[in-house]
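Keep the structure open as you read, and look up each part as it comes along.

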Amino acid sequence: MPELAFAGRSNVGKSSALNALAGRKRLAFASKTPGRTQLINFFSLGELGRLADLPGYGYASAPQELRATWDELIGSYLQERETLVGVVVLMDARRPLTDNDRNFLEWLRPSGASRLILLSKADKLARAEQARTLERTRAALDRAALTSQVVLFSSKSGAGVDETRALLDGWLRNKKPPEKGN
């Protein structure tokens, strides 16, 4: 079964994005406390595939030893999972491409999985600021040779939800995991 992984800093809105994309209110549980997701949580999409909700990277309200085990868990999953067809990386539209985000994208580079950047909480920016943020993020990713599709996203307003659903549906229907290292 093909899988799509959802990743991002702690409290960036991964659970809210999963709920919005699934059209459900409590599929994934959102928390105000960073670091609540401590394992990889899988959600079945029936015969289409699965979604994997990864623990957040960066700050979390958890001991350093526990956070280190998350890094190992996520790294192993991303590098060894043969069914992984795509990774959705959520970044706060108000603070995209933090050092933690860049490090994660570098870590993801060898996996060969398709990448989608969702600039979450886009509803908190004015329209002009949304456009500038989208353009700056795309340009910064291109300069770093980390070219990815980038979408403004808001689980609250619904911005980017239909576009993201269509893209992810296409990735899952392709059902062919990428060759490692491509």
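This is a predicted model: local features need pLDDT of at least 70, side-chain atom pairs count only at pLDDT 80 or more; totals for chains, interfaces and linings use all residues.

- Which residue does the side chain of Arg-165 meet in a salt bridge? The partner is Asp-162, with 3.1 Å from N to O.
- Both Arg-165 and Asp-162 belong to helix α5, where they sit 3 residues apart, or about one turn of the helix.
- Asp-162 is exposed, because its relative accessible area of 57% is over 50%.
- Helix α5 also holds Arg-173 and Asp-169, which are 4 residues apart, again about one turn of the helix.
- The side chains of Arg-173 and Asp-169 form a salt bridge of 2.8 Å, N to O.
- Is Arg-173 buried or exposed? Arg-173 counts as exposed, at 54% relative accessibility, whereas Asp-169 is partly exposed at 26%.

**Other salt bridges and a helix residue**

- Side chains of opposite charge can pair when their charged atoms come close.
- How many salt bridges does the structure hold? There are 9 of them.
- One joins the side chains of Arg-94 and Asp-92, with 2.7 Å between N and O.
- Arg-94 is partly exposed at 35% relative accessibility, while Asp-92 counts as buried because its 2% is under 20%.
- Glu-3, Arg-50 and Arg-81 are linked to one another in a network of salt bridges.
- Another arginine to look up is Arg-136, which is found in helix α4 (residues 127-143) and is partly exposed, with a relative accessible area of 48%.
- Arg-136 and Pro-96 are 40 residues apart in sequence, and their C-alpha atoms are 9.4 Å apart in space.

**The sheet**

- Six strands make an open sheet with mixed pairing, in the order β2-β3-β1-β4-β5-β6.
- The edges are β2 (41-44) and β6 (149-152), each of which pairs on one side only.
- On average, neighbouring strands of this sheet are turned by 20° against each other, with direction ignored.
- Strands of a sheet pair through backbone hydrogen bonds, either parallel or antiparallel.
- Strand β1 (residues 3-8) runs parallel to β3 (residues 50-53), and 4 bridges join the two.
- Across that pairing, Leu-4 has Leu-51 as its bridge partner, and Phe-6 stands opposite Asp-53.
- β1 also runs parallel to β4, joined by 6 bridges.
- Which residue of β4 is the bridge partner of Phe-6? The partner there is Val-88.

- How many residues of β1 are buried? The count is 6 of its 6 residues, and the strand is mostly covered.
- In a regular strand the side chains alternate between the two faces of the sheet.
- In β1, Glu-3, Ala-5 and Ala-7 point one way while Leu-4, Phe-6 and Gly-8 point the other way, and all are buried.
- Helix α3 (residues 99-108) lies across β1, β4 (84-92) and β5 (114-120), and runs at about 170° to β4.

- Rolling a probe the size of a water molecule over the atoms shows where empty space is left.
- The second largest pocket holds about 240 Å³ of space.
- It is lined by 15 residues, and the closest to its centre are Leu-21, Ala-22, Leu-45, Leu-51 and Leu-172.
- β1, α1 (14-22), β2 and α5 each supply at least two residues of the lining.
- Which element gives the most to this lining? That is α5, with 4 residues.

How values were computed
Residues are numbered from 1 along each chain as its sequence is written. Side-chain values use heavy atoms; hydrogens and water are left out. Two strands pair if DSSP finds at least two bridges between them. Axes are lines fitted to C-alpha atoms, for helices over the stretch in contact, and angles run from 0 to 180 degrees between N-to-C directions. Contact means heavy atoms within 4.5 Å. Buried means under 20% relative accessible area, exposed over 50%, partly exposed in between (1.4 Å probe, protein chains only). A salt bridge is a side-chain nitrogen of Lys or Arg within 4 Å of a carboxyl oxygen of Asp or Glu. On a 1 Å grid over the protein atoms alone, a cavity is a set of points where a 1.4 Å probe fits but cannot get out, and a pocket is an open set with protein on both sides within 12 Å along at least five of seven lines; lining residues have an atom within 4 Å of a point. Grid points are joined across faces, edges and corners, and a volume is the space filled by probe spheres set on the points.
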